[in-house]
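Here's a quick tour of a protein chain, with a few residues picked out along the way. Have the sequence handy and follow along.

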Amino acid sequence: MKCWSCKKEIDEADAYCRYCGMGQGRFLPFSYTLFGIIICFACLGPFAIYFVAKTPIMGRKSKIILSIIMLAVFCYMAYGICHKLTAAFQEAQQLLGTGMPLVI
Ligand SMILES: [Zn+2]
């Protein structure tokens, strides 16, 4: 059997790779499991695509699809935040412009 991380030949019974120390099978590190990837995405945003690219639990096609979905969700959220910030800035500008005249 080959280690999914370093691709070196390891024993079938090994729970951890003897070369790189990465967990195999059910000892897979949390950040490479599907749930872990979702948590990473919530914390790291598009940087979680690194774990998608490396995880052994998905095929190439699933990885590409999941990466695209993650990028789309991130762009949608980033756009929403920018939109809200712009609206808040405009509102603040309006309040300052009409309510309190700046005296210098
Ligand atoms: Zn390894």
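In which segment is Asp 14 found? Asp 14 sits in the segment before α1, the helix that covers 34–44. Keep in mind that this is a predicted model.

## How confident is the prediction?

Averaged over the protein chain, pLDDT comes out at 92, and 93% of the residues score at least 70. Going element by element, helix α2 (residues 49–54) has the highest mean pLDDT, 95, while α3 has the lowest, 93.

## The segment before α1

Back to Asp 14: it counts as partly exposed because it has 14 C-beta neighbours inside 10 Å, and a residue needs 12 or fewer to be called exposed or 20 or more to be called buried.

Lys 7 is also found in the segment before α1. This lysine counts as exposed, because 11 C-beta neighbours lie inside 10 Å. Its backbone is worth a look too: Lys 7 has a positive phi of about 65 degrees, although it is not a glycine.

## Over in helix α3

His 83 belongs to helix α3, which spans residues 60–98. With 10 C-beta neighbours inside 10 Å, His 83 counts as exposed. Leu 66 is 17 residues away from His 83 along the chain, and their C-alpha atoms are separated by 25 Å.

## One longer span

Now pair up Asp 14 and Cys 82. They are 68 residues apart in sequence, and going C-alpha to C-alpha they are 48 Å apart in space.

Terms used
Residues are numbered from 1 along each chain as its sequence is written. This is a predicted model: local features need pLDDT of at least 70, side-chain atom pairs count only at pLDDT 80 or more; totals for chains, interfaces and linings use all residues. Helices (H or I, at least four residues) and strands (E, at least two) are DSSP runs, numbered from the N terminus. pLDDT is the predictor's confidence in each residue, from 0 to 100.
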